[in-house]
Amino acid sequence: MRRHLATLHRVDEAQVSFRLRSPRPVPWVELRGEVERWTDGGAMERGPDGVFERSLRLGAGCWQYKFLLADGTWELDPENPRTRSWRGARNSVAVVGGAEEPVLHAPARPWLHLEDDGRLTLRAGLRRTAGSALSVRWDEGHGPRSSAMSPVADEDEHRLFELRLPVSARHLEYLFVLEGGRLLGAPGGAGQGFRCAPSALKPTTPAWWRDAVVYSIFVDRFRRGGGWRVDPDTHRGSDRAGGDLRGVREALPYLRDLGVTALHLTPLALAPSAHRYDAIAPREVDPDLGGDEALRELLEGAHALGLRVLLDVTVTHVHRDFHGFRDVRARGPASPWWGWFRVHRHPFLEGYEPGYEHYQKGAWQEPLLRTDHEEVVDFLCGTFERWARAGADGFRVDAAADIPLGLLRRISSAVRAVNPDAALFGEVLPEHLHRWTADALDAATEFSAREGLLDLVLRGRPAREVSQGFARRRALRGGAGWSSLAFTGTHDHPRLLTLTGDARKARLAQLLVLTGASVPMLYYGDEVGLRSDEPHREFEDCWPDRACVPWDPSRWDGETLSMVRGALALRAEHRCLRRGDEAWPEVTYLDGDGRDDVLALRRSLGREVLEVLVHAGEGARTVALPAGAPSEATGLLTVGEAHIDHARGGVTLGAWSGLVLRRGHPEEVTLSLGLAASEASERASEAWREGHTEGLFLPTRLYVTVTEACNLRCLHCITDAPRRTREGRARVLQPWVLEALGDAFGAAEYVAFVHGGESLVAPVFWDTLRALRAARGGRACHVHLLTNGMRLDGDTTRRLIDHGVTSVSVSLDGATGETNDAIRLGARFTTLKAHLAEAVAAREATGADLRLGVSAVVGETNLSELVTLGALVRDLGLDWLKVEETFPATPFALRDLVAPRDPRLEARMTALRAALAGSRVTLVDHRDPPRGCPCEAARDPLLAAFRAADDYANRVRFRPCRADWEQCCVDPDGVVHPVDYDQAPLGSLAELPLLALWNSAAMGARRAAALARAPADRRTCRG
């Protein structure tokens, strides 16, 4: 039998040794804290010198810890001066791979977190004695930038700061800047920057979980198929009530209508107890629940209604009648399962000292498994696989904080190998959830959030202190809201209604859970007012609150049920409640009685802002609408007596009441913003003619770079795409930029993807086209794409047509493979010809209004093939051919350059015109293009001819004279340039909306300069 311990650590974890010379003679010392657990630490070994020591493998992080001595006292680490404290509880901090004093940071969660929208949230703590401001200097390979961090929460010794970086490249380097300019990064001095790969932080959590509402069912007490055989009012003990899977299936329509999306079922395994966490057969559905057939029917019924089902699996212990332990009981060390358990003596006894390690609180009939033993690891992973194959949509891992992280990672991998869309959450009591959710679990239970709710509605802690606790909890969560689960109670707690004895208080706590950023988890029956009369029951011994649901609606608390349904309906309707951020704005009281009992929660995503105001006290309070949000407020849900007080510009809340508000702009502002988008072209034209530099303008011609990465290595590339791709510096547009471009997309009459790399290699390109069409709302918009053609087959062309593209330019630099493929490394001329033919065929088959053309850079290498290339364009049935000059951006381009008016090139162009005469092909001579606007073309035939041809190929009418009103360029990281990419940036969409940037003082100055260059009598062009 293999008895060696499985290797469950990651290779990037470092060994850290903790040592203590006890200040008093004690027989033992334990290491406790975030490095292991606070509640049950690891014993330290005493060396010959009397020093206690324990070594662990830890990843990058700032790990709080303390030593617990046998006499019950706690000691800080005298050899480590770094400490951290909250509400007076002070601990030592082991910083692994992180910053030196006075900054608290390590390049890992919770200090780094990649948001759903692609931005990187960077957090740090600054010791209060070191100043009140902190900045970050960061670089993605395009030069350093500096950004100020914002304070988000306070601790006793540190202020916590946060910054969302608009990262868009593969790698990021950063360090911190203290007040006074001191640089502080990785240990070692000299301003060594931290380096991270943001994409490595991207969670793999399934999309459905991010929108989930979980309903937790204690199966034995929820419902019995066909009706209860016990009295639900009197059955309050630990014996079984008979709830089963058929009963759950019968309740599915009720659960769907309630607004939940996922069910969590307590264990189904064959076990002797009512809770079934003491499995005898962990892979077998208890026949009393209906067996495998009942589970299959439940899963089918739930999936038919769009509900997910998550099963609960126990990993730390089994029942003593588990087959392996039965064998150990009978055969002792000769049993092949002997190594699965921690045995102190054999044969075993019955009672609280049985001779083996067992579950807590005297549960001697539940022996603990050695979860770091290789065979136990294999058995547990196989158990999860069994339930995943049965159709489970995910799992709750019981006591997840009590098992090795490596085991959790293996369980996750085993489940995802069966069902890649499965979600796993763990029962985690400590508040440092990031330890388990960084790469092992999708989410963890957030018991500290429940404590905050109890502080507010039960313990009477001031609302401002509760808000500060919630803000700190958000900062330390280390992930999006859906990486945690919030609740008012679980099957191990007395219900909140039981604790408070007041349905009003319980409703307020439920409202905060249902509208908060964490995945809300409803405990069965809370929505109908289930409760007991025994509030002092201990954790895991709350049998009176594990009551049976009386399935008689006349006995339910209708007011609570209505509130829950209303809150969950809002959560389903408003994306900001499911995916948005959360904050706790300061409350300004408009009545002055000194009480601090109103809490404000703000949920926001993009422009959508919802707020929840709750009054946790008696009497009535009037407060101002929280600052920092649009000025208008509309009530969406009322709990108790509450209303918007328009006369006082605030909200009046009665005793133990709450109000959910939607914040928005006044109607006239909304109307003006809408007109700015729908009338953008007319406003720009009028401003140009009348000489206005200020107004509510939006660009109508938009250039967007979705990626700087390319699948070719063109020798004359002007964007440095080959090297940026190779070095990982190529930026890619992130989802948050699309959100920020909503106004611009709504105003755009023309959008071009012509700069950077190959747009068709970036999945976000299709998201961008969809966002553009949605913002336009059916209004016409020409979309122009420049591509190298390697992915432009017939199917892709049809997809482009479906997404609104009306013009495609394919880069081709030769009429033979020998020439083109030598310049455009990685291209295949035969493939390009085939793709162009397929694109034409797709256009003809669909009847689409799509212009197709070729853009060629002419130089010494391909000069001789120019006429042949024109013939190819003509024969393929394309619409235009653009001949462009070589720009000396690379050594090859410098050597290959042919002067625009070189006689050899002039001769070739004459022959090319002759070859294209009479065909449908428009020739765009871009070698040395004339400058000017359409309004000047009437006096310049050459300019008129060029403008007509170039506008035809690009599918837009260029008006350079008014470009400062109309034309805008956006980098992948949200940096905005006026007119073209060579202009100095106006700023970043990460900091200001495009509307603000486009109407800034800098743009006003540019427009004034443009007007000075074009007197009023020349501003006659209206087209």
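1. Let's start with a loop: Glu540 sits between strand S29 (519-523) and helix H14 (558-573). Helices (H or I, at least four residues) and strands (E, at least two) are DSSP runs, numbered from the N terminus. Glu540 isn't a glycine, yet its phi is positive, about 75°.

2. A word on the model: it is predicted, so local features need pLDDT of at least 70 and side-chain atom pairs count only at pLDDT 80 or more, while totals for chains, interfaces and linings use all residues. Residues are numbered from 1 along each chain as its sequence is written, and side-chain values use heavy atoms, with hydrogens and water left out.

3. Arg87 has 39% relative accessibility, so it counts as partly exposed (buried is under 20% relative accessible area, exposed over 50%, partly exposed in between, with a 1.4 Å probe and protein chains only).

4. Look out for two cis peptide bonds. One joins Glu101 and Pro102, with omega about 10°, and Pro102 belongs to the loop between strand S9 (89-96) and strand S10 (103-104). Another runs from His346 to Pro347, with omega near 5°; you'll find Pro347 in the loop between helix H6 (323-331) and H7.

5. Now the barrel. Eight strands close up in the order S20-S21-S24-S25-S26-S27-S28-S29, with parallel pairing (two strands pair if DSSP finds at least two bridges between them). On average, neighbouring strands of this sheet are turned by 30° against each other, ignoring direction. Zoom in on S26 (residues 423-426) and S27 (residues 443-445): two bridges hold this parallel pair, and Phe425 faces Ala443 in S27.

6. Helix H8 (residues 405-418) packs on that sheet, touching strand S25 (394-397) and S26, and its direction makes about 155° with that of S26. H8 also packs with H7 at an angle of about 30°, their axes 9 Å apart. Axes are lines fitted to C-alpha atoms (for helices over the stretch in contact), and angles run from 0 to 180 degrees between N-to-C directions. H7 and H8 are therefore roughly parallel (under 35 degrees; over 145 is roughly antiparallel, 65 to 115 roughly perpendicular, the rest oblique). Residues meeting here include Phe384 and Ala388 in H7, and Ile411 and Val415 in H8.

7. H7 matters for the next point too. The largest nonpolar core has 117 residues, and Tyr215, Leu245 and Leu265 have the most contacts inside it. H7 (residues 374-389) gives the most to this core, eight residues. Such a core is a set of buried Ala, Val, Leu, Ile, Met, Phe, Trp, Tyr and Cys residues joined through side-chain atoms within 4.5 Å. Beyond its neighbours within four places in sequence, Tyr215 is in contact with residues including Phe222, Leu258 and Tyr524 (contact means heavy atoms within 4.5 Å).

8. Finally, S44 and S45. Strand S44 (residues 851-857) runs parallel to S45, joined by five bridges, with Ser855 opposite Lys882 in S45. Four of the five residues of S45 (residues 880-884) are buried, so this strand is largely enclosed by the rest of the structure.
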